[in-house]
Amino acid sequence: MTSSNPITIARALHAALETGASGEVLRALFTPHATTLEHPNAIKPQGGSATLDQMLSASIAGAKLLARQHYELVDAIAHENLAILRVIWTATIAADAGPFAAGQELRAHIAQFITTEGERISRIETFDCYDPF
């Protein structure tokens, strides 16, 4: 990365995920102490939080589950080291898994608050509102 603009940094994460990047490949985008907070939603009814290592492990599982994913930026505001984003996430399921069928399309309206330190992400707080599936 060559910018400390928090929106640019957040979008770099989205772009990496869209290419199928997961696990250790993503580590360079985060500070060593990065965390995430996911508010309750249809996929994770209790919500949850994760450390960087837990996020990277989850990204591997997500990459295996999805044939593709896309983050459409609707709005973005930067305030100091915080990116406030509204995105529409769409994805296609790669293979039957749990309640999902291969080829099934998922869509979520997401509000993300991404805090940065320098050129890396230190915290993600997300509100994911999934369309019925």
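Student: Which residue forms a salt bridge with D75?
Tutor: R86 does, with the closest N and O atoms 2.3 Å apart. D75 lies in strand β3 and R86 in strand β4 (residues 82-93), so the pair ties together parts that are 11 residues apart in sequence. Keep in mind that this is a predicted model.

Student: Is D75 buried, exposed or partly exposed?
Tutor: D75 is partly exposed, at 39% relative accessible area. R86 is partly exposed too, at 46%.

Student: How many salt bridges does the structure hold?
Tutor: The structure has 7. One of them joins the side chains of R68 and E105, at 3.4 Å from N to O. That pair links distant parts of the chain, 37 residues apart: R68 is in strand β3 (residues 66-79) and E105 in strand β5 (residues 105-117).

Student: Which residues are linked in a network of salt bridges?
Tutor: E24, R27 and D53 are.

Student: New topic. Where is E38 found?
Tutor: E38 sits in strand β1, residues 30-38. E38 forms a salt bridge with K44, at 3.5 Å between the closest N and O atoms.

Student: Why does E38 count as buried?
Tutor: Its relative accessibility is 18%, and buried means under 20%, so E38 counts as buried. K44 is partly exposed, at 36%.

Student: What does the side chain of E38 make a polar contact with?
Tutor: The side chain of N41, at 2.9 Å. Beyond four places away in sequence, E38 touches residues including G47, G48 and T126.

Student: And S122, buried or exposed?
Tutor: S122 is buried, with a relative accessible area of 7%. S122 is in strand β6, residues 120-130.

Key:
Residues numbered from 1 in each chain as written. Predicted model: local features only at pLDDT ≥ 70, side-chain atom pairs only at ≥ 80, totals over all residues. Heavy atoms only, no water. Helix = DSSP H or I, 4+ residues; strand = E, 2+ residues; numbered from the N terminus. Buried < 20%, exposed > 50% of the residue type's maximum accessible area, 1.4 Å probe, protein only. Contact = heavy atoms within 4.5 Å. Polar contact = N/O pair within 3.5 Å; in protein donor to acceptor, adjacent residues only side chain to side chain. Salt bridge = Lys/Arg side-chain N within 4 Å of Asp/Glu carboxyl O.
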